[in-house]
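Subject: Structure handover

Hello,

Here is the structure we discussed. Please open it alongside these notes.

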Amino acid sequence: MINTSAFQGKAARYYTLGCKLNFSETSTFGKMLSDLGVRTADKGERADICLINTCSVTSVADRKCRQAIHRMVRENPDAFVVVTGCYAQLEAPNVAAIDGVDLVLGNNEKDRLVMLMAEFFSSQTKIVRQEKAKDITTFAPSCSRGNRTRFFLKVQDGCDYFCTYCTIPFARGFSRNPTIASLVAQAEEAAHEGGREIVLTGVNIGDFGKTTGERFIDLVRALDGVEGVSRYRISSLEPDLLSDELIDYCAHESRAFMPHFHIPLQSGSDTVLRLMHRHYDSRLFADKVMRVKELMPDAFIGVDVMAGCRGETPECFEETYELLDRLPVSQLHVFPYSERPGTAALKIPYVVTEQEKNVRCNRLLELSDKKTMDFYMKHIGKTVEVLFEKATRGRAMHGFTRNYIRVELPAKEARPEYDNQLVMVELQNINHLHDALTGVPVISPANIL
């Protein structure tokens, strides 16, 4: 029996690093604690509980995690500090050694958060829980929105791919998923709570079905039938798992799945893709992009690309640049390669200098800006449907079109009745080159229709 009185009246602060999946899980932690009487700390208030959900995709992410932990401890003296997520899974002893950290949870223990917190409150003894990667088998459900309009529904966890540069399978374990029926029930609950848009999240969501023998396309069809949900977005799909059947369904049959795809490339060089142990080649990637654009000409396509990985000679980088330059993609998420301890990539002999990585990243970022601006300019003057989010009084409202164009409604035109509603607007002009939330331009509407 958990002593809930130990939680009541406490104030908590949350900090998330990394992906949409982490955001979803942190939001779920917040809801769990809120149900026990824990409120979110006000700005400037010292918290009684601090929870940091960490990322470990790069060495930069590791450093940011350590900085966030130290900052939380420093700003909230005497607080109970929980650290979870991928960095906590991979570096549990180092995290536990940080002064002020009380509870370290690996990725197999997230669903036991409340129980382990109660155990600490009772014993006042530091707790570290970390299973080996092969023993990470639990699936902690998560469908939450935090303070945003859209919900994030976790449909899958873990990865079986073991790309040579990546530590995620060691941090998250093997691919696993819940049933379609359970996910439909969560989507129905989100709709009941007023959710108009749901983002499907996971580590490798196209791999959905490994646990239950179901298919991702069948999940998509089932979710499409949930009444009250106006929009779904798929956070990321590997090129080899983005089936023609799924593309055709989104283009011709779907009620609510948006013309918005995020397709990781990592490299446009087949030589580098083989070194990475990726499951596709550049031709397959290009074919998927072209099929999406053929059936959905206005679709937004985001692409992950890594610069400066081991084995990426200047010639290999140029192959990547030329491929992305000629394809009709909308935005590049550019990452410099980061050496990760224990990964097979460390055995690849050709090493790119940090200076050259920066040069390559900058070239790709410039290409991304051009691609995104071109995509946005094609929509100036069009009448589109925007789902607006609640704005702070006196500030502009923001929302997204079906194909992920971020739209700004000036404060003088914002209305409370637009919050979480689908509104038809005429797009007028690009008023910000980059938005702090998405890294993409922002368009102002000319008229509310």
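In this predicted model, four strands form an open sheet in the order β7-β8-β9-β10, with mixed pairing. Strands count as paired if DSSP finds at least two bridges between them. The edge strands are β7 (143-144) and β10, each pairing on one side only. Strands and helices here are DSSP runs numbered from the N terminus: E of at least two residues for strands, H or I of at least four for helices.

β7 and β8 (residues 151-154) run antiparallel and are joined by two bridges. Serine 144 has phenylalanine 152 of β8 as its bridge partner. Cysteine 143 is partnered with leucine 153 of β8. On to β9: four bridges join β8 to β9, and the two run parallel. Phenylalanine 151 stands opposite isoleucine 198 in β9.

β8 is covered on both sides. Phe151 and Leu153 point one way, Phe152 and Lys154 the other, and all are buried. Buried means under 20% relative accessible area, exposed over 50%, and partly exposed in between (1.4 Å probe, protein chains only).

Lysine 154 deserves a look. This residue is found in strand β8. Lysine 154 counts as buried because its relative accessibility is 1%. Leaving out residues up to four places away in sequence, lysine 154 touches Leu21, Ser24, Glu25, Phe139, Ala140, Ser142, Leu183 and Thr201. Contact means heavy atoms within 4.5 Å. Tyrosine 404 is 250 residues from lysine 154 in sequence, and the C-alpha to C-alpha separation is 20 Å.

Helix α1 (residues 20-34) lies across β7, β8 and β9 (197-201), at about 100 degrees to β8. Helix α7 (residues 180-192) lies across β7, β8, β9 and β10, at about 170 degrees to β8. Axes are lines fitted to C-alpha atoms, for helices over the stretch in contact, with angles from 0 to 180 degrees between N-to-C directions.

α7 also packs on α8, at an angle of about 30 degrees and with the axes 10 Å apart. Ile180, Leu183, Val184 and Ala187 of α7 meet Asp218, Leu219, Ala222 and Leu223 of α8. The α7 and α8 crossing is right-handed (the near helix is turned clockwise from the far one by less than a right angle).

Next, helix α9 (residues 244-252). Its buried residues are Leu246, Ile247, Tyr249 and Cys250. These cover an arc of only 160 degrees around the axis, so they sit on the same side of α9. The arc is that of the directions from the helix axis to the C-beta atoms. Cover for the buried residues of α9 includes α8 (216-224), β10 (231-234), β11 (260-262) and α11 (282-295).

Elsewhere, look at β3 (residues 49-54). Six of its six residues are buried. Ile49, Leu51 and Asn53 lie on one side, and Cys50, Ile52 and Thr54 on the other. β1 (residues 11-16) runs parallel to β3, joined by five bridges. Alanine 12 stands opposite isoleucine 49 in β3. Six bridges join β3 to β4 (residues 80-85), also in parallel. Cysteine 50 has valine 81 as its partner in β4. β3, helix α2 (residues 59-75) and β4 make a right-handed β-α-β unit: with the strands pointing away from the viewer, the path from the first strand over the helix to the second runs clockwise.

Residues are numbered from 1 along each chain as its sequence is written, and side-chain values use heavy atoms, with hydrogens and water left out. Local features need pLDDT of at least 70 and side-chain atom pairs count only at pLDDT 80 or more, while totals for chains, interfaces and linings use all residues.

Best wishes
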